[in-house]
Amino acid sequence: MEKITKNAFFDRKLAFVFCDLFIAFASPFLGWLARDFFVGIQKIPYGFLFYAFVSAVTTLLLLRLGGASRVAWRFFSVPDALNALMSVCLGIIIAATAAFFFDRLETVPRSLLFIHVFIQVLGYVGTRFILKRHAEAYNPTRRRPTYALLVGCNQIAYVYVRAVESIAYGSLKIIAALTHDPSMVGHRLRGVNIVSVFGNIEDVIGQYKIRGIDISRIVIAANEREISPKSLETIFDVANRHRLVVSDIHLLFSEVAGPIGLDDDFDVDDTVAVT
């Protein structure tokens, strides 16, 4: 079993190396063909071949040095995509500079540089995101997600939602959030709808049950300054009546975060109202 797993790992690694090599060396010519679609077929000059070779080599080296090519595809994220974008742009700038000293860019059209960047970014970033989503969607061990209700909108809640996205994607879904501040109702915390205040927790659970969504877990992120003992007692009473699991994520963190506001640097979307 260990041998099969090891061989599968090397097969995937070789597949990605081959994919990166193909994108690096084929993207300049794909860009040339895309440009020819608008201006007509033209013969490829030697200066362009020099540019294509230099851009492929420099981009591959920068992807390697920057770490973008060493990221496991299942953990590929937006910062990794930005890292790949920077490597691609810097590689093409170096190649264009080299081509300028070679023949003053007389054989490399200026529009080709932008087309080349687009094709390389689409290739390097797109393939990794597609494979990541494919693995998440067709994971044979994936079960129906557990729906959770988040109680509290603060920094700990924000970090918890991010952790769920990274670690428990597909198995645990934060369906909604409750807040102590009525002015935050109708906004979002990193994509999670803030639907009501703490006192309306039973109504919220009932509304989602009517929609066919059975909430089975309540996650408490509110600290003692945000939630009163009476609200906390109400939450536990509702959990006992509906047989819900209650988790306190403060046990996972050593520091309690303060409440966030709509002007703080969080993914709170104030353009979408929740009905």
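This is a short exchange on how terms are applied to one predicted model.

Mentor: The model is predicted, so local features need pLDDT of at least 70 and side-chain atom pairs pLDDT 80 or more, while totals for chains, interfaces and linings use all residues. Residues are numbered from 1 along each chain as its sequence is written, and side-chain values use heavy atoms, without hydrogens and water.

Trainee: Why is F114 called exposed?
Mentor: Exposed means over 50% relative accessible area, buried under 20%, partly exposed in between (1.4 Å probe, protein chains only). F114 has 67% relative accessibility, so F114 counts as exposed. F114 lies in helix α4, residues 110–137; a helix is a DSSP run of H or I with at least four residues, numbered from the N terminus.

Trainee: Why is L65 called exposed?
Mentor: The relative accessible area of L65 is 69%, so L65 is exposed. L65 sits in helix α2.

Trainee: What makes up the nonpolar patch on the surface?
Mentor: V17, L21, F25, F53, V57, L61 and L65 form the patch, with about 650 Å² of accessible area together. Patch residues have over 30% relative accessible area and no salt bridge, and nonpolar side chains (Val, Leu, Ile, Met, Phe, Trp, Tyr) are joined within 5 Å. A salt bridge is a side-chain nitrogen of Lys or Arg within 4 Å of a carboxyl oxygen of Asp or Glu. Accessible areas come from the Shrake-Rupley method with a 1.4 Å probe, and for residues only the protein chains shown count as cover.

Trainee: Which helix gives the most to the nonpolar patch?
Mentor: Helix α2 does, with 4 residues. Both α1 (2–39) and α2 (46–66) supply at least two residues each.

Technical notes: Patches are made of residues with over 30% relative accessible area and no salt bridge: like charges are joined within 9 Å, nonpolar side chains (Val, Leu, Ile, Met, Phe, Trp, Tyr) within 5 Å.
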